[in-house]
Amino acid sequence: MSTHSPPPAARHLLKPMHIRGLTLPDRILMAPLAGYGNLPYRIICWRYGRPALLATEMISARGLRQGGPRTTAYLAHSGEEGPVQYQIWGTDPAGLGEATHMAAQAGAAAVDLNCGCPVRKILAGGAGVALMRHPDHIGRCVAVMREATGLPLSVKLRLGPDSRTSTAVDCARAAEDAGADFVTVHGRFGREAYNVPVRAQAIAHVVAAVGIPVVANGDVRDGPSATRLAQASGADAVMVGRACLGNPWAFARIRCELAGGSWSGPTPQERARTLLDNFSLLADFMGEARAVRHVRKLAAFYSKSVQGAREFREGLSRCTTARSFVDHVHAHFHVGSIHDRDTSTRKTPSAGGILHGQLS
Ligand SMILES: Cc1cc2nc3c(=O)[nH]c(=O)nc-3n(C[C@H](O)[C@H](O)[C@H](O)COP(=O)(O)O)c2cc1C
């Protein structure tokens, strides 16, 4: 480790956080990521980055009630991952209460209500960030979820439902009054695009308005960006979203840099092995055919900042089978034979499956 000192305010992110019986070792959390935050990817993030709290993809309360296999699969949990926050979306308090109960039964360490999703289909039913038009209703939902579980409970907000309507403070207060243990604030409005800079100052207004911890979210990717957001907002913790896609080391990097270290990052070969590890878990979880389709979009993230990333990404569309995908990774990253790869740097063995037999 080198010895430059980070600004003092950031160091609180390295301290434990206690939330209703749950002790997080630090304050660097994983964000819910629909389409990515499945069980395999959470295991990978846990193995290689150790976020203080993992997150599921958003799960439909109505879907859980209907018991369809696709929605129920989101409840999957494994002893191989760390504490997981289950995020639920919906508008009906009773349904949200039931879903909270189901998440707790499934092994959730915490439960979150989605009040930030800007996808039209979700908004049309009044859920996601549309809930932020009605702080009272958020309060009603949280109250029923509170009754359903003794687990840590939170809401994930944006700054408001649209850029003219700033309701984060009212929504956070309503959640607090109804029994939420913390709130997360993504520092953008409604459907605002990601190229709009995060408004840390607006998150600071929420921090000043409530007595429960506030987690700040938006554009955190390394130690300096975590420090900037935490300092400017005064938040108790930070949450990392896009930066952890194909980059499960993001959390370890932030911890390292906040502690004054310099991060060297994984080698291209380590990236490739982790990608193959990820693929193995995906194949076990969703079957080979779906895993191949899914891993192609994930692989593009893994290859970011690696030499020849463009050629690698272009070749991904031709990978239609597990064999062709694994061969493509090998050819590009020069990983060596999967079967005699060096596993000494890995924290835990692969889940087996595809890398150990099915392909040979
Ligand atoms: C692909 C993708 C999927 C997301 N899915 C969810 C979700 O299911 N629930 C949620 O509350 N936010 C979701 N978000 C928003 C993130 O959790 C996070 O608030 C946002 O990306 C800002 O953080 P970042 O700048 O660190 O990425 C998603 C974002 C992306 C890019």
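Which residue is the bridge partner of Ala-216 in β10? I looked this up before anything else, in what is a predicted model. The partner is Val-238. I then went through the two strands concerned: β9 covers residues 214-217 and β10 covers residues 237-240. They run parallel and are joined by three bridges.

**Entry: the whole chain**

I went back to the overall picture. I find 14 helices and ten strands in the protein chain. The radius of gyration is 20 Å, against 21 Å from the globule rule for 360 residues, so I put the chain down as being as compact as a globular protein of that length. Along the principal axes, the C-alpha atoms fill a box of roughly 60 × 55 × 35 Å. I note 51% of the 360 residues as buried. Of the contacts with a separation of 6 or more, 70% are between residues 24 or more positions apart.

**Entry: the sheet**

I traced the strand order next. Eight strands make up an open sheet, and the order reads β3-β10-β9-β8-β7-β6-β5-β4 with parallel pairing. At the edges I have β3 (28-30) and β4 (54-60), each of which pairs on one side only. From one strand to the next the twist averages 25°. Helix α4, residues 93-106, packs on this sheet and touches β4, β5 (84-89) and β6 (110-115). I have its direction at about 155° to that of β5.

I stayed with β4 for a while.

**Entry: the ligand**

I listed the shell around the ligand. It is made up of 22 residues, and the closest are Ala-31, Ala-34, Met-58, Gly-241 and Arg-242. By class, the shell residues divide into ten nonpolar, eight polar and four charged. Met-58 falls within the range of β4, residues 54-60.

**Entry: two arginines with positive phi**

Arg-20 has phi near 40°. I located Arg-20 in the loop between β1 (17-19) and β2 (22-24). Arg-20 has 13 C-beta neighbours inside 10 Å and therefore counts as partly exposed.

Arg-50, also not a glycine, has a positive phi of about 50°. Arg-50 is in the loop between α1 (39-48) and β4. Is Arg-50 buried, partly exposed or exposed? With 19 C-beta neighbours inside 10 Å, Arg-50 counts as partly exposed, because a residue needs 20 or more to be buried.

**Entry: Val-129**

I place Val-129 in the loop between α5 (120-124) and α6 (135-148). Val-129 counts as buried because 29 C-beta neighbours lie inside 10 Å. Setting aside neighbours within four places in sequence, I get contacts from Val-129 to Cys-115, Gly-116, Cys-117, Pro-118, Leu-123, Arg-158, Pro-161 and Gly-190. I also took one distance from Val-129: Asp-277 is 148 residues away in sequence, and the C-alpha to C-alpha separation is 35 Å.

Conventions: Residues are numbered from 1 along each chain as its sequence is written. This is a predicted model: local features need pLDDT of at least 70, side-chain atom pairs count only at pLDDT 80 or more; totals for chains, interfaces and linings use all residues. Helices (H or I, at least four residues) and strands (E, at least two) are DSSP runs, numbered from the N terminus. The radius of gyration is taken over C-alpha atoms; the globule rule is 2.2 Å times the number of residues to the power 0.38. A residue is buried if 20 or more other C-beta atoms lie within 10 Å of its own, exposed if 12 or fewer, and partly exposed in between; C-beta atoms are placed from the backbone. Two residues are in contact if their C-beta atoms, placed from the backbone, lie within 7 Å. Two strands pair if DSSP finds at least two bridges between them. Axes are lines fitted to C-alpha atoms, for helices over the stretch in contact, and angles run from 0 to 180 degrees between N-to-C directions. A residue is near a molecule or strand if its C-beta atom, placed from the backbone, lies within 6 Å of it. Ala, Val, Leu, Ile, Met, Phe, Trp, Tyr, Cys and Pro count as nonpolar, Asp, Glu, Lys and Arg as charged, and the others, Gly among them, as polar.
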